[in-house]
Amino acid sequence: MDAVPNPWFSWDYVERNWGEVSDQLVIHTTLTLQAVAIALVIAFPLAVLARRIPRLAGPIMGVSGVLYTIPSFALFGLLAPFTGIGRTTVLIGLVAYALLVLVRNILVGLQGVDRDVVDAARGVGYSPTRMLFAVELPNALPSIVAGLRIATVSTVALVTVGVVVGYGGLGQLMFRGLQSDYRAQIMTATLLCLALALILDLILALAGRLATPWLRRRAS
Amino acid sequence: MSTLGDAWTYLTTWENWTGANGLTTPTYDGGWRFSQDSILALGIEHLWLSFAAVTIAVVVALPLGLFLGHVRRGGGTTVVVSNVTRAMPTLALLTLFAASAIGYGNTAVILAAAIFAFPPILTNAYTGMADVDADIREAAVGQGLTARQVALRVELPLAIPLVAAGLRTSTVQTVATVPLAALVAGGGLGVIVNTGLATQRYGQVLAGAVIIAVLALTIDLVMSRLQRLATPAPLREAAATAV
């Protein structure tokens, strides 16, 4: 008896199923971007707070550290009974994981701003708000971009664990490929995951470069 | 009944801990496997899978990282390795292994988890050895130590804190990865959550998730104590800021 062909990759599969594949790719991409964006919106004030009130730095880092240590599989399991299975559960989990990396990097960036620069800005009469957005934030940008890149790449990989609650983007294809024992489906989803992580990472790196022209001028 | 109540009932039912027929179940080929209806058996299996994965990673990555760090070569490669594995979904590797000749079950889980346990150990062993102060190394060479003695008696002791930190990261991460085994018919505590979701017993899902979370946090605590013990007091502050 001839075994059913089970190739590791097939263009034919990709062409025939592009509709389904691209649907999951879109879900995967939007879920990643949404999670990182929400995490950034939460992480920024937390990091600023930890910077302004050093006594809060310990608890803020501690709580995000504990969230980060809880395995994703367990976190989705903890949330599922309350938020149901589907997008919301996965999104909350992803935000929780991106949080630690972002808070840590923004905080490190803010702490690394040259004291002389801050003193000079205060000397010419900058208000605390203006100081934050016009002096501290631009100076912390390299560290923030580095954090965003790590958070984004990890989130792309983490979305697949959403399979546990039936909403894993490209992970759904991997899981179904395994259930129906079709290798090309798993491989296609894997390659798209890696490509997505790489592309988002490059875009962020480029955006970071464009946002900090003074660093290039200094280097050249 | 509420989900919380169900979870409590699940956790306080003795039979859920010991399994209906003991901790092990005979298999058809005359062997045995851990009972999949016992929290204790699944917990032991979970620790065994994690231990096996980390051991494989240590055996391969530790000598490699220490050697590359000693000769100060391949730093770029170690960075690339850790970046690629960050982008690689665990589920992808797990399903690829399960669909390959390795097949479903615990072997695929151990191999996939070992690959993800690899980079933190490699990177930290490399950095620990390579970042030893050049003055210290030169002083040792000046006193007549051979390259081998410099590596074993000077660089290695100074690298221990970072090596321990890498081992901790890698172990905690592995314990967190192993629950995914349930998706490829492997064992470990993920089975409780997965079975609960499949049978819509959300109390069991919650209980399983709590057990996994507590285990991960406990392992993190234990490993951080071990890391502290392995680090000589004067080096503790440096190690805490390094990773």
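# Briefing: a predicted two-chain model

H8(A) passes H5(B) in a left-handed crossing. This is a predicted model. The predictor gives the complex an ipTM of 0.85 and a pTM of 0.87. Chain A holds 10 helices and zero strands, while chain B has 11 helices and two strands. The points below start with that crossing, then turn to the wider contact, each chain and the confidence scores.

**The crossing of H8(A) and H5(B)**

- Two packed helices are described by the angle between their axes and the distance between the axes.
- For H8(A), residues 170-179, and H5(B), the axes come within 10 Å and cross at roughly 15°.
- Angles under 35 degrees count as roughly parallel, and H8(A) and H5(B) are therefore roughly parallel to each other.
- On the chain A side, the residues that meet H5(B) are Gly171(A), Met174(A), Phe175(A), Gly177(A) and Leu178(A).
- Their partners in H5(B) are Leu91(B), Ala92(B), Thr95(B), Ala98(B) and Ala99(B).
- By class, the contact of H8(A) with H5(B) has seven nonpolar residues, three polar and no charged.
- An α-helix has 3.6 residues a turn, so residues three or four places apart point the same way.

**The wider contact between the chains**

- In total, 30 residues of chain B are in contact with 32 residues of chain A.
- On the chain B side, the elements giving two or more residues are H4 (75-87), H5 (90-99), H8 (147-177), H9 and H10 of chain B.
- H10(B) gives the most to this side, with 10 residues.
- The side of chain B that touches chain A divides into 24 nonpolar, four polar and two charged residues.

**Helix H9 of chain B**

- H9(B) covers residues 190-198 and is mostly covered itself, with seven of its nine residues buried.
- Those buried residues are Gly190(B), Val191(B), Ile192(B), Val193(B), Asn194(B), Gly196(B) and Leu197(B).
- Just after H9(B) comes Gln200(B), which takes a positive phi of about 55°.

**Ile219 in H10 of chain B**

- Ile219(B) is found in helix H10 of chain B.
- Is Ile219(B) buried or partly exposed? A residue needs 20 or more other C-beta atoms within 10 Å to be buried. Ile219(B) has 19, so Ile219(B) is partly exposed.
- Leaving aside neighbours within four places in sequence, Ile219(B) is in contact with Thr171(B), Val172(B) and Val175(B).
- Ile219(B) and Trp32(B) are 187 residues apart along the chain, and their C-alpha atoms are separated by 27 Å.

**Inside chain A**

- From the N terminus on, the elements of chain A run α-α-α-α-α-α-α-α-α-α.
- The C-alpha trace of chain A spans about 85 × 45 × 20 Å along its principal axes.
- Of the 220 residues in chain A, 41% are buried.
- Among contacts in chain A between residues at least 6 apart in sequence, 73% join residues at least 24 apart.
- H2(A), residues 18-52, and H3(A), residues 54-69, pack at an angle of about 140°, with their axes 5 Å apart.
- H2(A) and H3(A) are therefore oblique to each other.
- Leu46(A), Leu49(A) and Ala50(A) in H2(A) meet Leu56(A), Ala57(A) and Ile60(A) in H3(A).
- The contact of H2(A) with H3(A) has six nonpolar residues, no polar and no charged.

**Chain B as a whole**

- Read along the sequence, chain B follows the pattern α-α-β-β-α-α-α-α-α-α-α-α-α.
- Along the principal axes, the C-alpha atoms of chain B fill a box of roughly 75 × 40 × 35 Å.
- Chain B has 243 residues, and 47% of them count as buried.
- Among contacts in chain B between residues at least 6 apart in sequence, 67% join residues at least 24 apart.

**Confidence in chain B**

- Chain B averages a pLDDT of 88, and 97% of the residues score at least 70.
- Where in chain B is confidence lowest, and where is it highest? The lowest is in H11(B), residues 236-242, at a mean of 57, and the highest is in H3(B), at 94.
- Where pLDDT is low, the predicted coordinates should not be read in detail.

Note on methods: Residues numbered from 1 in each chain as written. Chains lettered and ligands numbered in written order. Predicted model: local features only at pLDDT ≥ 70, side-chain atom pairs only at ≥ 80, totals over all residues. Axes fitted to C-alpha atoms, helices over the stretch in contact; angles between N-to-C directions. Helix = DSSP H or I, 4+ residues; strand = E, 2+ residues; numbered from the N terminus. Parallel < 35°, antiparallel > 145°, perpendicular 65-115°, else oblique. Contact = placed C-beta atoms within 7 Å. Nonpolar A, V, L, I, M, F, W, Y, C, P; charged D, E, K, R; others polar. Buried ≥ 20, exposed ≤ 12 C-beta atoms within 10 Å, placed from the backbone. pLDDT = per-residue confidence, 0-100. Left-handed = near helix turned anticlockwise from the far one by under 90°.
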